[in-house]
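Trainee: I'm new to this one. Could you show it to me and let me ask how you know what you say about it?

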Amino acid sequence: MTALATRQADFMASLLDDERALPPDWTARHAAGLEIYRNNYRSALVEALRATFERTERLVGDESFARAAAHHLITCPPSGWTLDLAGQGFAETCEELFANDPEVAELAWLEWSMHLAFVARDAEPLGTEQFLEQASAFGEEDWAKLRLAFMPGIAVRDLRHDLKALWSSLAEAAEEGEVTLLAEPATCIVWREGERPVFINVSTAEGRALSEMMSGATYGETCEELLASEGEQAVELAGSMLRRWLHEGLVERLDQ
Amino acid sequence: MTSIDHFAGFGLGLRRTHYADFLEGEVPVDFVEVISENYMVEGGKPLRLLEEVRAKHPVILHGVSMSVGSAQGLDEDYLSRLRSLADRIDPLWVSDHLCWTRTSAHNSHDLLPLPLTGEALGVVCDNVERAQDALGRPMLLENPSSYLTFPEDEMAEWEFLSTMAQRTGCYLLLDVNNVYVSAQNHGFSASEYIAGLPLDRVRQIHLAGHIPATEKRPITIDTHDREVCDAVWALYAETIAQTGPVATMIERDDGIPPIAELLEELDRARVIARQASQARAA
């Protein structure tokens, strides 16, 4: 390691760890200077988390959020060049810190997914009519082999809480979060509609099917899975989910 | 590598709270400086907004994460994204800071100070040359403000900057407030610093505010969150008298006021620069 690399590794370690002993040739003046860099580091990252997880902060309150953000920076110090990714893994941090309030991690996941969708690659969704045109000559085998490429920035997760109500109730500062359990678990889908990130809830069966197709499964394989889990409702669901994905603008193109 | 011509206008940094001012109105500036990293994204609204601003004003791409002082070298993904953005926006120029922000493991997202050694100078020059090659254009590098110096320092910061500019062909972005803050913190003469730079390489000047040192906290803190103080205005007058007309902007990063307040500060810079030009002509 060169002298510069060693100096930078030591400096970074001291920046991240308040308890670390300072180099022997450093004076109190150096320590005071380092303290300013430490404060800058922490405050910039906590501010970045606050900006990304605005509603999560409203839900748990300023102090709890500040503690969670500080914990996150210790356990997951940033490594990427963009401050925009400082919130990577924050939903998992919330899952650990707010284990008795699982809606916190669900909301943090939603805010993070919308944050990523906001700057995802631009693409035009495949409209229902375009799809029908392209699939007009499909035989049974073509349908079975059909693969779909989905719009950039789509994220999917199972939920137990009504995030739609929670999201709306936290739109303004000083509002109380409306935490309601869903009648049954659902899957949340996040994507970007034009320039605006949006989300909807669908059944967990549809959510599983979407996840599988996003991972490269064919429509045929996905329908077989549906048949095994949903029985006779599978046929109707296979059709309705495809119509929904096209109608909502989740599909970018056929991927065959 | 092409050169960068003088561009002697007056500008502001683009901040979110002023998007509507820039997009819906006519802001009387000659250029707009944006934080590069905010627009080094795949797609979405930020890029569209930047393109709209670019349609109305010349734009400067000002980065905070290149880390030209990193012993590990530069991040190739970063360079490639910055090149794409520069190709898309066609900026007046691309700038970053004389500092380091990351090691191979972590990123501080802060502008950290470099030891002013021959070894660090070699690393910075290699990295600046690599960046200029990747971007296909010369860069401007900005002097940082700092809160500590290193026992192993071998030269003054202005000597470091001078040699860097001479070796790499890069230009300088002179933050007059940063010179003032570091001079306060390290006890050197701000005038000597300015006079020690190759002023013919300065293509842009930043003006900003800071928190003065107190008896309890004997360190001046560079906050860029308030108006430019009189001492920094005086240093700007001294600088612009030596450089001649140079692109000048008010850089406010926090505590962002209504745009009218920043435009008033910019008018003060215009007056000072005009007086300096008249004095030079006389």
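Mentor: Chain A and chain B bury about 3,600 Å² between them, with 63% of it on carbon and sulfur atoms. This is a predicted model, where local features need pLDDT of at least 70 and side-chain atom pairs count only at pLDDT 80 or more, while totals for chains, interfaces and linings use all residues. Residues are numbered from 1 along each chain as its sequence is written, chains are lettered from A and ligands numbered from 1 in the order in which they are written, and side-chain values use heavy atoms, leaving out hydrogens and water.

Trainee: What makes that area "buried" between chain A and chain B?

Mentor: Buried area is the accessible area (1.4 Å probe) that two parts lose on being put together, summed over both, so the value of about 3,600 Å² covers chain A and chain B together.

Trainee: How do you know which residues of chain A and chain B are in contact, and how many are there?

Mentor: Contact means heavy atoms within 4.5 Å. By that rule, 37 residues of chain A are in contact with 48 residues of chain B.

Trainee: Why is the meeting of E195(A) and R48(B) called a salt bridge?

Mentor: A salt bridge is a side-chain nitrogen of Lys or Arg within 4 Å of a carboxyl oxygen of Asp or Glu. The side chains of E195(A) and R48(B) meet at 2.2 Å, N to O, so the pair qualifies. The rule finds two salt bridges across the interface of chain A and chain B.

Trainee: What about the domains of chain A?

Mentor: The domain assignment, automatic or from a database, gives domain 1 (1-100) and domain 2 (123-256). Their centres, taken over C-alpha atoms, are 36 Å apart. Four residues of domain 1 of chain A are in contact with nine of domain 2, and the two domains bury about 600 Å² between them. The salt bridge count between these domains is zero.
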